[in-house]
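The sequence and the structure are shown first.

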Amino acid sequence: MKKVFIRTFGCQMNEYDSERILTLLKDQYVSCPELNEADLIIVNTCSVREKAEQKVYSLVGRLKHLKRRRPEVIIAVVGCVAQQEGERILKRLPHVDLVLGPQAVYRFPEHLAKVLAGERPIVDVTMVKNFRQPLIFPELDGTRPVKAFVTIMQGCDNFCSYCVVPYTRGREISRPPEEILAEVEHLVRCGVREVTLLGQNVNSYGRKEKGFPTFAELLREVASIPGLWRVRFTTSHPKDLTEELMRCLAEEPKVCKHLHLPVQSGSDRILKRMNRRYTRAEYLNKVAKLRTLCPEIALTTDVIVGFPGETEEDFKATLSLLEEVRYAEIFSFKYSDRPLARSRLFKEKIPEEIKAQRLAKVHELQARITREINESFIGKEVEVLVEGRSPGNPLLWTGRTTTNHVVNFEGPEGLKGLLVCVLIEDTGQHSLRGRFKEIVNP
Ligand code: 5AD
Ligand code: SF4
């Protein structure tokens with residue numbers, strides 16, 4: 001068998017696609033962790049922010065020497081940067097053999113066959129309006145992961161002014177519910193206990209298709225699959241968060257008590273320029289309603305600082321929103337221009353130093369809030385789905401609470417894949433520390 005090395009940048013959607021590529025190649029290639037030993041190197045790329053794109057160019061750029069030494073090695077660049085740049089990638093990186101956009105990764109084996117037959121380079125960045133990915137069940141024998149991703153929809157129709165995703169992943173389209181349920185059932189048969197349903201905007205699941213369930217209905221159907229213990233989902237657009245979904249979060253025990261609800265900014269003026277289509281007050285009202293229905297819910301969010309035209313006052317509104325909501329955790333980014341995204345044309349770009357200062361202030365504020373929330377867990381018992389040994393310390397087990405908090409703890413052998421009760425005794429910056437109490441499998 002030949003060897004394949006795959007490096008995945010970016011979101012969970014990419015991780016899902018990478019897993020599918022490996023499944024498609026399984027009869028010809030085994031996965032190998034060592035880049036220098038691989039016969040095929042695949043880089044699955046992200047272009048959501050400038051920094052992510054730079055990482056791709058730096059990694060693939062370094063492969064030039066390897067290709068010179070071993071010209072038989074095949075180098076593939078797939079995913080969002082491939083889609084965005086197409087043929088242009090070959091100008092900068094002429095040693096690349098294959099360039100495939102997200103909609104073309106499912107044709108990987110046929111394109112690879114052409115390269116192996118001496119035809120190179122191959123570029124496939126075709127996008128079709130109603131592209132539907134084929135149903136490919138991942139091979140999970142041997143690895144037995146406790147959790148897995150399931151894509152329920154692709155693309156995005158929202159066109160937030162800063163965002164490249166609608167251009168790289170195309171129009172929004174939902175997968176038929178039967179396919180999603182069949183995939184989750186397959187995963188459960190392989191031993192998976194927790195699935196995360198993925199989409200750029202899961203709240204609008206099925207709205208464009210006739211006869212599809214709503215997202216909340218789909219969630220309840222997935223949750224009813226025997227042997228599945230937990231369901232999560234991401235990402236939710238605040239404008240599409242319905243009361244029906246809030247009730248589902250509150251009522252359905254298998255649906256995890258965590259919602260990632262990207263706010264991006266606390267200022268109405270900036271939200272408007274971002275084309276987010278909600279106001280600060282509308283967002284806060286939804287949060288308040290959700291917390292009334294489901295008091296134990298943990299919220300996380302994404303924030304962009306330094307969007308074009310963001311004044312000190314706009315930025316302060318973001319800080320005050322963080323104080324008001326008290327998210328368990330946030331992901332914050334300096335604004336960067338993206339090709340095709342409308343805001344690249346906006347005037348009043350914010351200087352890099354100011355963006356860096358604002359980001360540092362966001363980090364500082366959120367570090368305090370996260371610490372306070374984490375400390376409130378000390379002395380409490382929580383339920384943890386054990387994922388395996390902690391990568392940072394193999395003497396500890398690691399897993400997550402329903403609220404998506406990472407818990408590392410000491411405990412007896414054989415806990416992987418079990419639901420256990422842990423007493424929280426201490427906290428770190430991004431995790432909780434505790435002691436094993438007992439197994440609490442459903
Ligand atoms: N600049 C900075 N951050 C961005 N994001 C998306 N586009 C940009 C951009 N041009 C962030 C948003 C989004 C997350 C996935 O990435 O916060 O929610
Ligand atoms: Fe980008 Fe907005 Fe779509 Fe999210 S909802 S992928 S931020 S356009």
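## Basis of the description

Helices (H or I, at least four residues) and strands (E, at least two) are taken as DSSP runs and are numbered from the N terminus. The model is predicted.

## Backbone geometry

As a rule, most residues other than glycine have a negative phi, and most peptide bonds are trans.

T234 and T235 are joined by a cis peptide bond with an omega of about 5°. T235 lies in the loop between β11 (230–234) and α9 (243–251). A cis peptide bond also links R120 to P121, where omega is about -5°; P121 belongs to the loop between α5 (108–116) and β6 (122–124). E348, although not a glycine, has a positive phi of about 55°, and E348 is located in the loop between β14 (329–334) and α13 (352–375).

The residues surrounding ligand 2 are C156, N158, F159, C160, Y162, C163, V165, P166, Q200, H237 and R276. Sorted by class, this shell comprises seven nonpolar, three polar and one charged residues.

## Positive surface patch

Helix α2 (residues 50–69) supplies three residues, the largest share of the patch. K55 is placed in helix α2.

Note on methods
Residues are numbered from 1 along each chain as its sequence is written. Chains are lettered from A and ligands numbered from 1 in the order in which they are written. This is a predicted model: local features need pLDDT of at least 70, side-chain atom pairs count only at pLDDT 80 or more; totals for chains, interfaces and linings use all residues. Side-chain values use heavy atoms; hydrogens and water are left out. A residue is near a molecule or strand if one of its heavy atoms lies within 4 Å of it. Ala, Val, Leu, Ile, Met, Phe, Trp, Tyr, Cys and Pro count as nonpolar, Asp, Glu, Lys and Arg as charged, and the others, Gly among them, as polar.
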